[in-house]
Amino acid sequence: ATFKPGDRTVPHTHRFPVTVYVLEGAFTLELKDRPPIVVKAGEAIVEPPNVEMTGYNRSASELTKVVIVYVSTPGTPFLDPSH
């Protein structure tokens, strides 16, 4: 996935863990009730299931490129938007 400067996901949860590997730039992950986590190029993070979160590119000028790995039961949605 590619995040343009300022792009962010909708607040959401995942039913299974999600691994995010950062290829370029930096990816910021905000998990509910926790401080933001910044993951830089060459690093990875595993997003926990059933925790509200949003991810974004805080840069004003650089792209963030990530590889997302989601292993789940077939037919499971990738994310569930939070309300």
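Residues are numbered from 1 along each chain as its sequence is written, and side-chain values use heavy atoms, with hydrogens and water left out. Because the model is predicted, local features need pLDDT of at least 70 and side-chain atom pairs count only at pLDDT 80 or more, while totals for chains, interfaces and linings use all residues.

## The sheet

Strands here are DSSP runs (E, at least two residues), numbered from the N terminus. Two strands pair if DSSP finds at least two bridges between them. Four strands make up an open sheet with antiparallel pairing, in the order E1-E8-E3-E6. Strand E1 (2–3) and strand E6 (44–47) are at the edges, and each of them pairs on one side only. Strands of a sheet pair through backbone hydrogen bonds, either parallel or antiparallel.

Strand E3 covers residues 18–24 and pairs with E6 in the antiparallel sense over four bridges. Within this pairing, Val20 stands opposite Ile45 in E6, and the bridge partner of Val18 in E6 is Glu47. E3 is also joined to E8, by six bridges, and these two strands run antiparallel. Here Thr19 has Val69 in E8 as its bridge partner.

## The core and Val66

A nonpolar core is a set of buried Ala, Val, Leu, Ile, Met, Phe, Trp, Tyr and Cys residues joined through side-chain atoms within 4.5 Å. Buried means under 20% relative accessible area, exposed means over 50%, and partly exposed lies in between (1.4 Å probe, protein chains only). The largest nonpolar core has 13 residues, and those with the most contacts inside it are Val20, Val22, Phe27, Leu29, Leu31, Ile45 and Val66. At least two residues of this core come from each of E3, E4 and E8. In soluble globular proteins, nonpolar side chains tend to be buried together.

Which residues does Val66 touch, not counting those up to four places away in sequence? They are Ala1, Phe3, Val20, Tyr21, Val22, Leu23 and Phe27, where contact means heavy atoms within 4.5 Å. Val66 lies in strand E8, which spans residues 64–70, and is buried, with a relative accessible area of 3%. The C-alpha atoms of Val66 and Ala44 are separated by 9.2 Å, and the two residues are 22 residues apart along the chain.

Tyr21, Leu23, Val67, Val69 and Val71 make a nonpolar surface patch of about 440 Å². Patches are made of residues with over 30% relative accessible area and no salt bridge, with nonpolar side chains (Val, Leu, Ile, Met, Phe, Trp, Tyr) joined within 5 Å and like charges within 9 Å. Accessible areas come from the Shrake-Rupley method with a 1.4 Å probe, and for residues only the protein chains shown count as cover. E3 and E8 each supply at least two residues of the patch. One of its members, Val67, is found in strand E8 and is partly exposed, with a relative accessible area of 37%. In a regular strand the side chains alternate between the two faces of the sheet.

## Salt bridges

A salt bridge is a side-chain nitrogen of Lys or Arg within 4 Å of a carboxyl oxygen of Asp or Glu. By this rule there are two salt bridges, listed below.

| Pair | N to O distance |
|---|---|
| Asp80 and Arg15 | 2.8 Å |
| Glu24 and Lys65 | 3.9 Å |

Arg15 is partly exposed, with a relative accessible area of 42%.

Glu24 is partly exposed at 40% relative accessibility, and Lys65 is partly exposed at 28% relative accessible area.

## Two loop residues with positive phi

Asp33 is not a glycine, yet has a positive phi of about 65 degrees. Asp33 lies in the loop between strand E4 (26–31) and strand E5 (37–40). Is Asp33 buried or exposed? At 75% relative accessibility, Asp33 is exposed.

Asn50, also not a glycine, has a positive phi of about 60 degrees. The loop that holds Asn50 runs between E6 and strand E7 (53–56). Asn50 counts as exposed, at 59% relative accessibility.
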